[in-house]
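Visitor: Hi, I'm new to this one. Can you put it up and walk me through some of it?
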Number of protein chains: 2
Amino acid sequence: MKPAPSHFDILYQIAASSDAEAREKAEKVSVEQSVEMPVNAVPNQAKTSLPEVTKVTELCEGLWESEVSFPASLIGNNDIVQFMNILYGNISLYGDIKVTDVSNHIFESLFEGPAHGIKGIRKMVGANNRPLSCTALKPIGLSPDNLASRAARFAVNGIDIIKDDHGLANQNSASFESRTKACTAAVQKAAEKTGKQTLYFPNITATHKVAAERAEMALEMGAHGVLICPQLTGLSLLSEIRKNFNCPIMAHPSFSGSFVSHKTSGISMSLYYGKIWRALGADAVIFPNPGGRFQFTREQCTDLHNTLTNTEFPFNASFPVPAGGIQLTSVQDFRDLYGDETIFLIGGSLYEHPDGIETATQLFQKALA
Amino acid sequence: MKPAPSHFDILYQIAASSDAEAREKAEKVSVEQSVEMPVNAVPNQAKTSLPEVTKVTELCEGLWESEVSFPASLIGNNDIVQFMNILYGNISLYGDIKVTDVSNHIFESLFEGPAHGIKGIRKMVGANNRPLSCTALKPIGLSPDNLASRAARFAVNGIDIIKDDHGLANQNSASFESRTKACTAAVQKAAEKTGKQTLYFPNITATHKVAAERAEMALEMGAHGVLICPQLTGLSLLSEIRKNFNCPIMAHPSFSGSFVSHKTSGISMSLYYGKIWRALGADAVIFPNPGGRFQFTREQCTDLHNTLTNTEFPFNASFPVPAGGIQLTSVQDFRDLYGDETIFLIGGSLYEHPDGIETATQLFQKALA
């Protein structure tokens with residue numbers, strides 16, 4: 001990692017009704033996210049902790065953009081948890097401030113980015129140019145053998161990646177250990193039969209200690225990577241697993257919607273999943289696709305896709321994984337939308353296909369050829 | 001902990017324009033948060049995973065309340081991370097569903113609640129009936145000696161509890177170790193002088209491994225408890241620290257505002273901080289006070305106060321800690337609002353008091369006598 005710069009910028013969108021109000025709010029944010037006390041009571045020794053509002057511009061009626069320059073000394077010692085605190089700690093309670101961007105250079109001093117990224121995952125799958133296919137193993141309630149039999153049917157018919165449903169944890173119906181053992185074996189057997197290696201990513205989402213134990217167990221059993229819901233575990237688990245296991249990580253957005261679902265508050269989807277989750281080490285990032293059961297727009301989703309794959313950001317690119325409401329009949333539309341640097345995740349419509357999982361998987365693979 | 005019940009209920013508020021639409025949304029939520037696939041494609045073996053919508057009632061124009069009964073088998077094996085996933089995982093991405101309550105009995109099978117709670121903290125302070133006083137040690141940028149000198153001035157003048165500002169992490173200006181050492185010594189020295197023990201809670205918010213190391217270090221040095229921002233660390237850190245160190249824990253709402261700031265989505269403040277954070281083991285819960293720089297109403301805040309102290313919830317009561325915008329002149333108003341089972345947290349207005357920290361602290365203490 002590079003040494004910390006002296007300062008870094010955070011960009012906000014601020015709801016206001018005048019330039020003066022927007023400026024006042026920007027000043028308030030800069031104090032809230034640093035010394036958190038009346039500026040006139042800050043002692044001289046701590047005055048270097050004060051950020052500086054460097055820009056306040058009207059974007060459109062009722063909405064301003066503000067840039068604040070923060071001293072990197074507020075973070076200190078590679079502390080990614082404190083970085084998130086500075087980024088959106090107390091102001092998450094305001095309800096009318098949205099964070100939209102952060103200087104690239106601060107990331108280089110705190111994060112390592114994906115260990116494998118798009119290139120690494122492509123190499124493991126053996127597919128250099130086309131989009132990749134992915135499905136979710138489900139539902140909760142099936143036995144390990146039944147889940148493994150489904151994994152086998154997907155794998156034999158050529159799917160690129162199988163990830164656990166993010167709801168598969170360590171239930172009595174299929175413990176993490178028994179499920180991962182059965183599914184890695186099934187996927188391995190399919191590879192021996194077809195000559196093509198399907199990747200399997202079990203869900204290790206749990207407390208940090210247990211998640212690390214599961215990552216170790218899964219990789220020893222032959223899993224090719226892991227699935228994590230970083231908002232459920234706490235974001236730092238992503239970087240810990242990346243650092244300690246160096247395996248491909250797919251990140252799932254469960255529990256994170258409150259940060260990215262609101263127009264005038266939260267963190268922009270592009271910054272949150274596209275820069276922060278990528279910086280934390282997600283090799284692939286699942287996000288809610290437009291037109292499905294979620295409410296994100298095509299523009300938000302293509303912005304995110306562009307950010308995840310942007311080569312100016314100082315880490316390996318993360319594979320964008322749109323999910324939710326993609327049908328076999330609409331894959332081509334979304335391929336046109338996102339381009340080929342994409343993993344398409346289809347769950348439901350493979351399971352309910354009238355001709356069965358096998359045919360559905362073959363059609364899916366054909367659509368991405 | 002008690003054995004898991006077979007089912008538990010989750011209560012939602014759903015924005016809709018008709019009874020039929022509300023019912024349809026409730027069904028959609030029940031599927032999203034369990035099998036996450038078309039119901040007609042769920043195999044027989046997994047049908048027991050399906051929740052049941054048990055109530056859909058109109059609350060007021062445009063808003064319905066829905067109750068869904070979930071099989072506890074979806075959680076499995078004391079998994080509090082998976083509990084949060086079932087509670088508000090994917091539906092956090094919907095933007096129009098708010099979770100408002102959960103059956104008390106499921107908490108007993110997953111959580112232990114505060115180790116000390118109101119009674120324990122009162123015993124440590126030696127004050128049985130009156131509200132307690134608390135301040136935040138700040139700002140970032142001061143040296144350990146300067147922070148300790150401030151701690152001493154608060155303690156000598158009788159403050160009950162000093163917590164670190166939640167922005168004090170491990171910056172170069174005051175590392176966690178040097179700050180905690182200096183401040184515990186200062187508070188101890190004050191106690192020897194005055195005969196009254198002020199409690200000191202340093203901020204251990206960090207990755208789980210580092211937070212545990214800091215908790216151990218702090219308690220060895222003589223700190224009386226710790227401060228954690230559970231949303232920054234991942235919620236499970238709260239229960240881990242409670243389990244492994246058994247010390248009083250004060251929880252800070254940094255980064256959690258996106259969950260509780262929206263009328264028609266998120267988790268109600270009362271459920272989130274009042275039941276979930278209490279269940280996770282927070283002995284005291286800081287929350288944004290109405291009328292300050294945050295946007296919560298008196299009703300939301302008193303609801304939360306009532307939930308934190310409710311004796312029907314099966315754990316020790318958590319101390320409510322309203323914070324933000326409380327002045328020495330308004331303490332009495334808020335004492336009337338909340339009653340005496342309250343820790344009042346005042347930061348800024350002690351620091352900027354024209355007669356100095358010492359007088360301000362004495363006045364604060366007097367107001368709570």
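Visitor: Where in chain B is B:Pro139 found?
Guide: Look at the loop between β5 (132-137) and α5 (144-156) of chain B; B:Pro139 is found there. Helices (H or I, at least four residues) and strands (E, at least two) are DSSP runs, numbered from the N terminus. Before we go on, this is a predicted model: local features need pLDDT of at least 70, side-chain atom pairs count only at pLDDT 80 or more, and totals for chains, interfaces and linings use all residues. Residues are numbered from 1 along each chain as its sequence is written, while chains are lettered from A and ligands numbered from 1 in the order in which they are written.

Visitor: OK. What kind of peptide bond joins B:Lys138 and B:Pro139?
Guide: A cis one, with omega about 0°. In chain A, the bond from A:Lys138 to A:Pro139 is cis as well, with omega near 0°. A:Pro139 is found in the loop between β5 and α5 of chain A.

Visitor: New topic. Which residues of chain A have a positive phi although they are not glycine?
Guide: Among them are A:Asn246, with a phi of about 55°, and A:Phe255, with a phi of about 75°. A:Asn246 is in the loop between α9 and β9 (249-251) of chain A. A:Phe255 is in the loop between β9 and α10 of chain A.

Visitor: Is A:Phe255 buried or exposed?
Guide: A:Phe255 is buried, because 26 other C-beta atoms lie within 10 Å. The rule is that a residue is buried if 20 or more other C-beta atoms lie within 10 Å of its own, exposed if 12 or fewer, and partly exposed in between, with C-beta atoms placed from the backbone.

Visitor: And A:Asn246, buried or exposed?
Guide: Exposed, because A:Asn246 has 12 C-beta neighbours inside 10 Å.

Visitor: How do chains A and B meet? How many residues of chain A are in contact with chain B?
Guide: 73 residues of chain A are in contact with 73 residues of chain B. Contact here is when the C-beta atoms of two residues, placed from the backbone, lie within 7 Å.

Visitor: Which element of chain A gives the most to that side?
Guide: That would be α2(A), with 5 residues. By class, the side of chain A that touches chain B has 27 nonpolar, 40 polar and 6 charged residues. For the classes, Ala, Val, Leu, Ile, Met, Phe, Trp, Tyr, Cys and Pro count as nonpolar, Asp, Glu, Lys and Arg as charged, and the others, Gly among them, as polar.

Visitor: What rotation superposes chain A on chain B?
Guide: One of 180°, with 0.0 Å of shift along its axis and an RMSD of 0.0 Å. That is the relation of a two-fold axis. In chain A, the C-alpha nearest the axis belongs to A:Gly234, 1.7 Å from it. The same surface serves both copies, as 100% of the contact residues of chain A recur in chain B. The superposition is by least squares on the C-alpha atoms of residues with pLDDT of at least 70 in both copies.

Visitor: How many residues of domain 1 of chain A are in contact with domain 2 of chain A?
Guide: 16 residues of domain 1 are in contact with 13 residues of domain 2 in chain A. On the domain 1 side, the largest share, 6 residues, comes from β4(A). By class, that side of domain 1 has 9 nonpolar, 3 polar and 4 charged residues.

Visitor: Let's finish on a helix. Which residues of α15(A) are buried?
Guide: The buried residues of α15(A) are A:Ala360, A:Thr361 and A:Phe364. Seen down the axis of α15(A), they fall within an arc of 100°, so they line one face of the helix. The arc is that of the directions from the helix axis to the C-beta atoms.

Visitor: What do those buried residues of α15(A) pack against?
Guide: They pack against β5 (132-137), α5 (144-156) and α14 (348-351) of chain A. The face of α15(A) turned away from its buried side carries the exposed residues A:Gly356 and A:Lys366.
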